[in-house]
Protein chains: 2
Amino acid sequence: MNGAELMMQTFLANGVELVVGNPGTSEMQFIAALDSVPQIRAVLALFEGVATGAADGYGRMADKPAATLLHLGPGLGNGLANLHNARRAHTPIVNVVGEHATFHRKYDPPLYSDIESIARGASEWTRTIESVATLSGDVAAAVAASLEAPGKVTTLVLPADVAWSDATGETKKATVTKASRVSQAVVDEIAKILKSGEPAALLLNGRALREPALRVASRIGRRAGARVLCDTFPARLERGAGRPVVERLPYIPQMILSLIADVKHLILVSARAPVSFFAFPHGPSTAVPEGCQVHTLAAEGDDALAALERLADALGASGEPNLELVRIPPPPTGGAIEPDSLGAALGATLPENAIVVDESNTVGYLAPMGTAGCAPHDWLCLTGGSIGMGLPVATGAALACPDRRVIALDGDGSAMYTIQALWTQAREKLNITNVILANRSYAILNLEMMRMGLGQPGPVAKQMLDLTNPALDFVSMGKSMGVPSCRVTTADALVDELRRSYATEGPTLIEALIQL
Amino acid sequence: MNGAELMMQTFLANGVELVVGNPGTSEMQFIAALDSVPQIRAVLALFEGVATGAADGYGRMADKPAATLLHLGPGLGNGLANLHNARRAHTPIVNVVGEHATFHRKYDPPLYSDIESIARGASEWTRTIESVATLSGDVAAAVAASLEAPGKVTTLVLPADVAWSDATGETKKATVTKASRVSQAVVDEIAKILKSGEPAALLLNGRALREPALRVASRIGRRAGARVLCDTFPARLERGAGRPVVERLPYIPQMILSLIADVKHLILVSARAPVSFFAFPHGPSTAVPEGCQVHTLAAEGDDALAALERLADALGASGEPNLELVRIPPPPTGGAIEPDSLGAALGATLPENAIVVDESNTVGYLAPMGTAGCAPHDWLCLTGGSIGMGLPVATGAALACPDRRVIALDGDGSAMYTIQALWTQAREKLNITNVILANRSYAILNLEMMRMGLGQPGPVAKQMLDLTNPALDFVSMGKSMGVPSCRVTTADALVDELRRSYATEGPTLIEALIQL
């Protein structure tokens, strides 16, 4: 057994079941070792950002890490944007970055660079495996770190000679630290606030957005007359008919401030206090209203469900959660694809247990509303603001949940960063409906330019935000990578193609031309 | 005038004429400011690796920096792989990385990350512009650093509030340090070695591979009976009929060792001593033969041309350079596209003054031989080993040299990392012939696996190196981004399509199916 094979055995012993990556010469032992572990699925990506985004999607749905395989510093660089999103999503991931042999580094060969410095841009735990003697322990430590609440992006740098050295077969087990228990004093204090009668709201994120925690939070809200809010861009929100409704915070800080203007006590549950995504010359940085006090029931690494249950007990919140029936809008009967007809088309068709990966940015802002009353489903958002997550995260979610339909809602501009994901979807025959919302523009940036007070862009600026000339042809694009593809221009045709895709095994691409 | 506009004025005052990038909200002032400098061409890339690769290609041909525009840490991450190649090519580049406003950073908003740490992976000079007061000086310093011999990748981090703050109009000028003069003692010592009659070779790289330096080196070689070698992967080699012939080192270190086994003195001219690209269990790390002494005539930051001229004087090398006529192989008359017929097809058609961007890896290894006798042209290689440079570097070379035909030779696997370059080529109507050498495999890695002593890959490993299932359809791919595209399967058809592309304005894609 060599180091690479011991790495596989250690992954296996610690529950890692998926490797997704893009290899190079320094990873040949790793690639060869994949044949020794048929229990681990190996998936090839044509670009590293697809691999890391897929690991993010997988981790969000499986609640355990996939391993990525990346080729030295540049491969890690290519994967960094989606690792950034994964870090913000608290997704457990173990990156394996191949490196030159330890004895070869001093020659500064052409592919040598400072891998650990690059990793610090997105990885919260990084270790170079300097010897095969520590390898299994290092791998187990990475898995453990990735699973430490609330979840971490971790990176192992694997020098080629460590991978090819002879190893003993002894595999180490990960010792995972449990989520922290919130102190009784904190629970009592929050209970006191909620009993005071002053306007209060719970702001949920992370694991507090799964159904069990949502139900408790909703009971607390009913009992205490408090609102139940959800972060703007949750990593994974369990929603739909029969699940408690939460109010999701909007993107624009002035809108958040207006929405929660009356709240005097904002109680964080695995969430952070809302801030503006970007700064603007005349905009606020924080989105907490003046005079509103922020309290923390559960910090991001705390056991939020247990804390909510104890809070519910303290309040005597033993009733039912708020399960108001949300109306599904009638299916569109024709007309242009616009935010409301897109929401209606999704609402009319969304399959039970679907996973929606939402990178729809401007066009999709009514999609959550249109689908709120649909059968239970998961909604996965762009947590870190680095666009190019949609198709890869959908790929990973489908790898984690082969029996569920995944719908990727993606802007045309966003889709182009990591368009290579389509090939992996086709190869792995994943049940994904990719909806490309083609407004042929970085529409969000036209909005942002106005918010900056810069007025209408000049001709040069305009063409830097414009995706025409030439227009992207996503039907040819999908075809080029083996994904059956079609184009629709009306909302009823979109409904038909969505239904057709759900009834078809494997991936589909629907280019939805937006009239704006 | 705001900070962003002052940045543009400073770029203009220091000869920067191209901005290529992919913006986000934090760069809106930068984008708006582009309209104030019509002298600077602004080019949009759909993915940041296209922007940085284009800046590399531009800088290699223009010998001055383009500016890139990248969106925070993730945008820089996406651009890092091609910046790595640019660093190894010593290409002058000024990256501008937008950052959150200085006062907003403390809120750790979703897109915040450690930009400078990421930059250290590829940028040799990095500065965050903390105030509009220092902005123009910081920009001038970045331009100066980028041009400091032998050329550097530099990075300016531009917080949004610095960009929107009021600025005075005073622009600072870059003070560029000249290349260092080699001491007379060094020249004399090298002259003595070359006069000794012991077998010697000059190994050239960097600016020593431009025609003036090549001619002097060749004269020295003839006079002293020394060989004239060229690095394995030069950033830019001026070659073709009427230019001195150099022996290019092969990729595999054992082959280098065999090629220069007789050399007792290896004299570096803007070059480094040859090393193995990767380490192997039984392979050498260094590719310098035992008993061969390595000397440096000109280090990478030295003025190599002047040093060569002084060396020629010391040796009395006043004759003609070695201009042996290299035979152009006859054009292929049919048959499969293989390494030799590919070389012949290129040799039969290469236009004068062409720029060849070579990321052909395994299939293209005879392309240099096939074209050695063609009319003068430039040959640009993959300097840093991070694949995905071909189409972007071709894009940048065409932006620098609109009157020259650019030919990108790219493997199918390589092309897929940064395939979005095609769209920019179409939008900017660049005269590029993209030849996609489709062997439907990471063929280099099958070779490397054998070199590792791992034998034939198992079924899982095999599919991780394989690009079939589904096969990529590059004709649809090109069409999807507005590039006229065709597929050829025979060498004579390749000749026809190459000729047709050279006679047509704008970009073309030729998918050359390789029979292996």
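Biologist: Which residues of α8 in chain A are buried, and what makes them "buried"?

Modeller: A:V187, A:I190, A:A191 and A:L194 are. Buried means that 20 or more other C-beta atoms, placed from the backbone, lie within 10 Å of a residue's own; exposed means 12 or fewer, and partly exposed is in between. One caution: this is a predicted model, where local features need pLDDT of at least 70, side-chain atom pairs count only at pLDDT 80 or more, and totals for chains, interfaces and linings use all residues. Residues are numbered from 1 along each chain as its sequence is written, with chains lettered from A and ligands numbered from 1 in the order in which they are written.

Biologist: Why is α8(A) called a helix?

Modeller: Helices are DSSP runs of H or I with at least four residues, strands are runs of E with at least two, and both are numbered from the N terminus. α8(A) has 12 residues, so it qualifies.

Biologist: What makes β9 and β14 of chain B a pair?

Modeller: Strands pair if DSSP finds at least two bridges between them. These have 3, in the antiparallel sense, so they count as paired. B:W379 is the bridge partner of B:L237.

Terms used: Expected span 1.5 Å × (residues − 1).
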